[in-house]
Amino acid sequence: MTIYADNAATTKMSRTAIEAMLPYLETDYGNPSSLHSVGQHAAEALAGVRQTVADCLGCAPRELIFTSGGSEADNQALISAARIGERKGKKHIISTAFEHHAVLHTLKKLEREGFTVELLPVGAVGTVTAQQVAAAIRADTCLVSVMYANNEIGSILPIAEIGAVCRERGVLFHTDAVQAAGHLPIDVREQSIDLLSLSGHKFHGPKGVGALYARQGIPLTSLIEGGAQERGKRAGTENIPAIVGMAAALREACAHLDENAAKVSALRDRLIAGLAEIPHSALNGDPVDRLPGNVSFCFEGIEGESLLLLLDAAGICASSGSACTSGSLDPSHVLLAIGRPHEVAHGSLRLSLCEWNTDDRILAEVPRVVAYLRDMSPMWRDLVSGKRKFIL
Ligand SMILES: Cc1ncc(COP(=O)(O)O)c(C=O)c1O
């Protein structure tokens, strides 16, 4: 039996989400912009699930637009905030060094347009403090974008504290909550969040659908020209089945948040304790403020890619970083940001768990595969013989 431990890359859809979607594929397939009854059924469904998602985030339905996923929501949040800033002559943006590429690459684009982007260092455990953010805010800062939880190393950031600082200083605050939504409690009002991105496929919903929350009064810039869907903020016929599926998955995840977190974090902690026994290994990310499902390690003297291939052969699906960077030989920018040297960052493993993971065959297989790869590794021989110094 395959053990799927790559839930931060994507999740299996829940039965609830699939069943919620079926009527909108089979019978209620209308276009919500159509005036006839089939279209109007779809429009009613859209209104209903917008309320569902709003309830999960603590916002009003009119503060949400549906997107094609987390990347689009991140792009639109940052570009909208930049346009607002630009109109006021404010072109300084604060973010962190370990954001997802959907944020980092959008910031690069804004830099090319003349914005100044300051990426805060995230320290050895991978977090930033509200004090760091407060110290970086300038008179011309238009946006702070700090992820809710890191997708590779699992650190959870102090979002409410950062939100409070931004609110007090009158700076817009965006958080990429793609890894947090459905896994951690979110209340955009209590946490003083102005813009928030989420993605359906990270909590057992479908792929290719997400949402962007923008606090009432924050004008969004549309990235797509066309019809007046989503109140003119996102053109294109709404993907009703996917939006309905995402809302059903999010509602279910939020209803079982504590119970799932307790179950998943118990397995996470067992795996962390077991893998920490492997010599010359190190846990990545915050040991305490950590996503319930995230286990991230570096093992010295091996290549993450080989580890993944052998684990796959042993029936364990894992990742060596984010799905977007695996396949490239560059070490993960997240691991470099927490100070892992290149040679150590190359030997990384991320196991990301969900409430359906029960098997810890992982605890037998990972140490076996690490030992096997080290036995064959010239780098490991140099370390053991003292030709190279151990880092971990
Ligand atoms: C933190 C984070 N932000 C954004 C994204 C992009 O989301 P999507 O795949 O829905 O575009 C991901 C996906 O892995 C992510 O982990």
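Let me begin at the ligand, where one of its oxygen atoms is 2.8 Å from a polar backbone atom of Gly70, a polar contact in the sense of a pair of N or O atoms within 3.5 Å, where within protein one must be able to donate a hydrogen and the other to accept it, and residues adjacent in sequence count only if both atoms are side-chain atoms. Before I go on, please keep in mind that this is a predicted model, in which local features need pLDDT of at least 70 and side-chain atom pairs count only at pLDDT 80 or more, while totals for chains, interfaces and linings use all residues. Residues are numbered from 1 along each chain as its sequence is written, and side-chain values use heavy atoms, with hydrogens and water left out.

Staying with the ligand, a polar side-chain atom of Ser71 lies 2.7 Å from a ligand oxygen, and an N or O atom in the side chain of Lys202 is 2.6 Å from an oxygen atom of the ligand. On its own the ligand has 390 Å² of accessible area, of which the protein covers 87%, with areas taken from the Shrake-Rupley method with a 1.4 Å probe and, for residues, only the protein chains shown counting as cover.

Which residues come nearest to the ligand? Of the 13 residues around it, they are Ser71, Asp176, Gln179, Ser199 and Lys202, where near means that a heavy atom of the residue lies within 4 Å. The shell divides into two nonpolar, eight polar and three charged residues; here Ala, Val, Leu, Ile, Met, Phe, Trp, Tyr, Cys and Pro count as nonpolar, Asp, Glu, Lys and Arg as charged, and the others, Gly among them, as polar. Helix α3 (residues 70-87) gives the largest share of that shell, three residues, and helices (H or I, at least four residues) and strands (E, at least two) are DSSP runs, numbered from the N terminus.

Now to the aromatic rings, of which the structure holds two pairs. Rings of Phe, Tyr and Trp (its six-membered ring) pair if their centres lie within 6.5 Å, with planes under 30 degrees apart counting as stacked, over 60 as edge-to-face and the rest as tilted. Phe297 and Phe299 have ring centres 5.7 Å apart and planes at 5°, so this pair is stacked, and both residues are buried, that is, under 20% relative accessible area, whereas exposed means over 50% and partly exposed in between (1.4 Å probe, protein chains only). Trp380 and Phe390, by contrast, have centres 5.5 Å apart and planes at 70°, so they are edge-to-face. Because Trp380 lies in helix α13 (residues 378-385) and Phe390 in the segment after α13, the pair ties together parts that are ten residues apart in sequence. Trp380 counts as buried at 15% relative accessibility, while Phe390, at 31%, is partly exposed.

Finally, a word on the backbone. Most residues other than glycine have a negative phi, and most peptide bonds are trans.
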